[in-house]
Amino acid sequence: MVSCSLSHITLRDMPVPININTTRTLFMSQSELVECLTPHEITEAKMFFRSFDADSDGKITLREAEKAYERWFASLWSKVLNCSDSMTGPKTNPELAKRVGEHVKVNVKIFMEADDKKHGTVSWGQFLRDQSIYILAARRNSAPLF
């Protein structure tokens, strides 16, 4: 059992033990989190960033993010529906097109929150700082438990 009360965060009776490195990330700045990333994790993040940056200008616009998420959700739904063309599902099913559109809208809004300077684009640095917590959270839990 883990019981830890830290100002506004309380973790009690967690079903799975939490390692000390995971709890430390709760109190780190985004820049400190980036410093925890491995070269491999940064390379993977860069590939993901480039897949969104359609014009390769080093910035992701709102429209580029929308297009990338549309492709991703269409591909996901085509796999769920066993369609051969990634756009078959949403194009032929109005309800599915609506659901994909809703997912795109929500995810693009979250994604664009990385634009801390409110320029309408997300730079590589902003992207990496914003995504670092998710990258670290996706790591296998191999640290010693406390």
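Predicted model: local features only at pLDDT ≥ 70, side-chain atom pairs only at ≥ 80, totals over all residues.
Residues are numbered from 1 along each chain as its sequence is written, and side-chain values use heavy atoms, with hydrogens and water left out.

Biologist: How many salt bridges does the count come to?

Modeller: A salt bridge is taken as a side-chain nitrogen of Lys or Arg within 4 Å of a carboxyl oxygen of Asp or Glu. Under this rule, the count is four.

Biologist: Which residue meets Glu 41 in a salt bridge, and where does that partner lie?

Modeller: Glu 41 belongs to helix α3 (residues 39-52), where helices are DSSP runs of H or I with at least four residues, strands are runs of E with at least two, and both are numbered from the N terminus. The pair joins distant parts of the chain, 98 residues apart, and the N to O distance is 2.7 Å. The partner, in the segment after α7 (124-137), is Arg 139.

Biologist: Is Glu 41 buried or exposed?

Modeller: Buried stands for under 20% relative accessible area, exposed for over 50%, and partly exposed for values in between, with a 1.4 Å probe and protein chains only. Arg 139, at 35%, is partly exposed. Glu 41 has a relative accessibility of 13%, and therefore counts as buried.

Biologist: What separates Glu 66 and Arg 63 along helix α4?

Modeller: These two residues form a salt bridge whose closest N and O atoms are 3.0 Å apart. Glu 66 is partly exposed at 23%, and Arg 63 is partly exposed at 43%. Because they stand three residues apart in helix α4 (residues 62-81), their separation is about one helical turn.

Biologist: Which residues are the closest to the centre of the largest pocket?

Modeller: A pocket is an open set of points on a 1 Å grid over the protein atoms alone, where a 1.4 Å probe fits, with protein on both sides within 12 Å along at least five of seven lines; lining residues have an atom within 4 Å of a point. The largest pocket holds about 490 Å³ of space. Of its 18 lining residues, the closest to the centre are Phe 48, Phe 52, Tyr 69, Phe 111 and Gln 131.

Biologist: Which elements give two or more residues to the lining of the largest pocket?

Modeller: Elements are included here if they give two or more residues to the lining of the largest pocket. Those elements are α3, α4, α6 (94-112) and α7.

Definitions and conventions: Points joined across faces, edges and corners; volume = space filled by probe spheres on them.
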